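Open the model in your viewer and keep the selection panel at hand. We will go stop by stop.

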Amino acid sequence: SSATCKSWQSGHFLAWDRCQMLSIKGINTTVGQEQQASVQEKRVLEDLEMPLARQEMETLFQEQPETGNQYLEDTLLRSYLKTHLPPKVLEEVHQDLERFGNCLLTKIQPLSWECEQNPPVFRQYDAWGRRVDHIQTCSAWRRMKEISAEEGLIAEAYERRYSNWSRLYQAVKLYLFSSSSGGFNCPLAMTDGAAKVIESLGIPGSLKNAFDHLTSRDPEKFWTSGQWMTERRGGSDVANGTETVARKQPDGTYRLYGFKWYTSAADSDVTLTLARIADAEGQCTQGSRGLSLFFLRVRDEEGKLNSIQVQRLKDKLGTRQMATAELWLQGARAELISAEGRGVAAISNMLNITRIHNVIGAVASMRRMISMSRDYACKRMAFGKLLKDHPLHMQTIAWMEVQVRGAFLLLMEIVRLLGLAETNLASEQDQLLLRLLIPVAKLYTGKQASAVAVEAMESFGGQGYMEDTGLPVILRDTLVLSIWEGTTNILSLDVLRSLAKSQGQVMAAFLSTVQKKLELASGTEGLSPAVQRTREAIGSLRQFMEAAGSEQALTMELAARDFSYSLARIYTG
């Protein structure tokens, strides 16, 4: 013990203790071997002194990177809001965001780590063999739900206190919250999407109660929503992959039967899901025309599952804080909320919102990693100087900074346009541009996020690879961003569909908007080289489109990913 070592050092080590220590070391102290023991005792002493030397060395640890109030430290965010928001709106928003930034630092970030350390647990049976299918989440996860309501993270977009700026304000709060949310940003995305679908349907009387719960600021009333689309055959191809059947009941409701293979936020209160309505003979229309959209409560008033069985929780690479499950629907009671056979069209509003949330998560994770990397560069010594004094290291951080700034501005542009559309202030060109930019931004930032996270992790050296630093968690969680809500290839094809469906109007809106931005920038001398490079990129894009126009559709499909990347880079620039 340390006390024994101190006693030895002070010359008061007792003979009995000495013999015991020698015995522990395997040294024989019988009569006649005193001299040999004395030599070995010296070696023991030297061995015992080694931990003391190590103890002194252990105080030379690397300083932990720290960030302060995320809002106050984000100069680009504050600059953007100052530039765009009306003065009175800015004054109110600034005060709330500064307060929220402090709350994130002192209250929410510790909860985030607790969510990571205590992932959901599935208990299928109770002690007496009764099936309960209980998904148990930690107290921090449940507290995140309360905070989401209190902060109005969904409500803000639908109360429209600031008219067309309400959606942008909500996005900013979500951007600040995302990387500290412990994965709760995912159920919020689907909750926002469900609220948007209900609003787009005119908030029918039967859904008024649900809408009020989804957009409530009261933690006791706030509901979260799931999104149960993915079945055994996969997620993106819902037209051919959806096997769930809906059978109409005498009271006008439906019973759903099927297997949902991947249900995010399985602990949510409600969900939207697609199913095929069976006719009197039990037959269902195949393809997308056979799909209808349904709303259902996950549990009844007594807390019992709505004829749903949980098969298991998914063992995922990341987003482990959130319960994702395989579910059997065995007559789950549901309400038809779309026109029959118009489920895919009705769900599109939800997909737009969840894809924007995906962009928010991507930008937030990049900003979080870079903020820590920058702080670490001001503390870590290597080769005789701080990392920040190594030009190559700073060039790498600068590259990451450019990536996140561009992605942030692209995100702000999208939510600005969405705010205009939701308050009937968007022009036709605004709406066309929004249709194009949502899939473009989602696919591009999803790829950016994982690339930047890997680069940022590397900037910490070996520490970046240590699980208890919290850095690997961020990396793992970013990897889902290029998969969830459509992979890069799926969304690239969606971009092509938006061009074809609008008969070129979407592309015309894109080029016109970019041209106007370049004209404004050309008046600033320092931007001339950037303006020239962007114009050259547009010229190359036009040449490609003209050449591709005479080719077969296969040529355009093969180029879809690179084409979408070009759109993202040009508009971001």
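Predicted model: local features only at pLDDT ≥ 70, side-chain atom pairs only at ≥ 80, totals over all residues.

Numbering starts from 1 along each chain as its sequence is written, and side-chain values use heavy atoms, without hydrogens and water.

**Colour by pLDDT.** This is the predictor's confidence in each residue, from 0 to 100. The average is 91, and 89% of the residues score at least 70. Now select 1-29. Here pLDDT stays under 50. The model gives this stretch 24 contacts (heavy atoms within 4.5 Å) beyond four places in sequence.

**Show the cartoon.** Expect 21 helices and 11 strands. These are DSSP runs: helices are H or I, at least four residues; strands are E, at least two; both are numbered from the N terminus.

**Select the second largest pocket.** A pocket is an open set of points on a 1 Å grid over the protein atoms alone, where a 1.4 Å probe fits, with protein on both sides within 12 Å along at least five of seven lines; lining residues have an atom within 4 Å of a point. Its volume, the space filled by probe spheres set on the points, is about 1,100 Å³. Pick S112, S179, R368, G470 and I474: of the 46 lining residues, these are the closest to the centre.

Select α6 (87-117), α10 (185-200), α13 (343-377) and α16 (471-478); each supplies at least two lining residues. The largest share, seven residues, comes from α13.
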